[in-house]
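Here is a structure to walk through step by step. Look it over before reading on.

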Amino acid sequence: MKDIADHIFDILENSVRAGATEVQVVLSFNQKRFFCEITDNGRGITGNEVTDPFVTSRKERRVGLGLPLLKRAAESTGGFLKISNLKGGGTCLEFEINLAHIDAKPFGDIAKTFIDALYCWPEVRFSVFLREGKERKLAIFDSKKIREIVNNSEIKQKEVRDFIYNSLAQELKKIGIDFQFGVSLS
Amino acid sequence: MKNLEELKEIREKVRKDLELRTGKHRIKIVVCLGTCGIAAGARETMNTLVDLVAQSNRSDIIVTTSGCAGFCEQEPMIQVYIEDKEPVVYGKVDSKAAKEIFEKHILNGQIVEEYLFSKGK
């Protein structure tokens with residue numbers, strides 16, 4: 001994985017493959033630490049060995065590298081990766097990365113991650129929130145609302161995707177995530 | 001998102017062009033987007049293809065995604081399904097390769113040997 005945005009896309013793909021129809025992402029960024037929580041209503045995980053590369057649910061190959069790679073990317077910066085089943089079904093995954101650490105991966109274009117997810121999996125509802133302070137959550141992206149406005153052929157148009165991308169990128173700047181000028185670490 | 005109203009305006013703009021060309025999909029391009037594909041840059045390949053399709057004004061081509069196909073070392077991989085023809089699988093398809101495959105194979109039916117991984121079922 002080139003950057004953290006790729007990792008997030010990979011986790012979203014896990015959720016989709018687990019049959020999720022709703023995926024919620026909460027992002028926060030403060031004091032150089034990037035925190036991300038992804039919850040879905042998929043079929044959940046079995047056991048705690050998901051971060052073991054030799055445990056996977058797929059049949060095409062016998063290794064699963066997505067989660068172990070993310071675990072290492074997070075832990076090598078002094079962060080963490082936690083994954084658990086939710087009571088009502090589904091999975092909750094949290095990770096934290098210290099972006100100021102020398103071993104931190106480049107951040108990447110996280111707005112693009114969600115635009116790609118919106119295009120790839122039209123039947124899944126992705127919502128993104130920013131966490132400011134302890135409790136306050138700010139909704140910045142809801143694929144269901146977007147899909148109510150634009151249909152499948154409209155979303156293929158670059159103009160449409162660029163517009164959604166730009167407005168999402170604008171929202172992410174609120175917590176200091178800026179693809180063009182880098183994540184602010186000051 | 002606050003800009004949903006503005007999004008509606010953009011939609012109206014592109015909709016006018018789209019109305020004329022709704023039809024059946026005759027060509028399907030599948031981009032493998034498992035962990036291996038993502039790590040190899042398949043999202044870029046996918047975006048290149050989606051843009052090329054939009055630019056070509058062809059309504060009979062669709063770009064979709066799948067998971068890992070089991071040949072991770074060949075990623076980014078794409079599968080090309082053209083109606084009445086055998087499916088073709090390409091490996092190591094970066095943006096540049098995607099452009100070439102799109103122009104030669106998708107638009108002109110000519111298989112690009114350089115990136116060919118397999119033919120047929």
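Which side chain of chain A does Arg43(B) meet in a salt bridge at 2.7 Å, N to O? The partner is Asp6(A). A salt bridge here is a side-chain nitrogen of Lys or Arg within 4 Å of a carboxyl oxygen of Asp or Glu.

Some ground rules come next. This is a predicted model, where local features need pLDDT of at least 70, side-chain atom pairs count only at pLDDT 80 or more, and totals for chains, interfaces and linings use all residues. Residues are numbered from 1 along each chain as its sequence is written, chains are lettered from A and ligands numbered from 1 in the order in which they are written, and side-chain values use heavy atoms, leaving out hydrogens and water.

How confident is the predictor? pLDDT is its confidence in each residue, from 0 to 100. Chain A has a mean pLDDT of 87, and 92% of its residues reach 70 or more.

Now take the interface. Contact (heavy atoms within 4.5 Å) involves 38 residues of chain A and 36 residues of chain B. The rule finds 3 salt bridges across this interface. Several elements of chain A, among them helix 1 (4-17) and helix 3 (110-120), each supply at least two residues of the side that touches chain B. Helices (H or I, at least four residues) and strands (E, at least two) are DSSP runs, numbered from the N terminus. Helix 6 of chain A gives the largest share, 8 residues.

Return to Arg43(B). It also forms a salt bridge with Asp116(A), with the closest N and O atoms 2.8 Å apart. Arg43(B) lies in helix 3 (residues 42-56) of chain B and Asp116(A) in helix 3 of chain A, so this pair joins two chains. Both Arg43(B) and Asp116(A) are buried. Buried means under 20% relative accessible area, exposed over 50%, and partly exposed in between (1.4 Å probe, protein chains only).

Other salt bridges stay within one chain. Arg125(A) and Asp142(A) meet at 2.7 Å, N to O. Arg125(A) sits in strand 5 (residues 125-131) and Asp142(A) in strand 6 of chain A, so the pair ties together parts 17 residues apart in sequence. Arg125(A) is partly exposed because its relative accessibility is 26%. Asp142(A), at 12%, counts as buried.

In chain B, Arg26(B) and Asp60(B) meet at 3.4 Å, N to O. The two are 34 residues apart, and each lies in a loop. Arg26(B) is partly exposed at 35% relative accessibility, whereas Asp60(B) is buried at 14%. Finally, salt bridges that share partners join Asp6(A), Lys112(A), Asp116(A) and Arg43(B) into one network.

Definitions and conventions:
pLDDT = per-residue confidence, 0-100.
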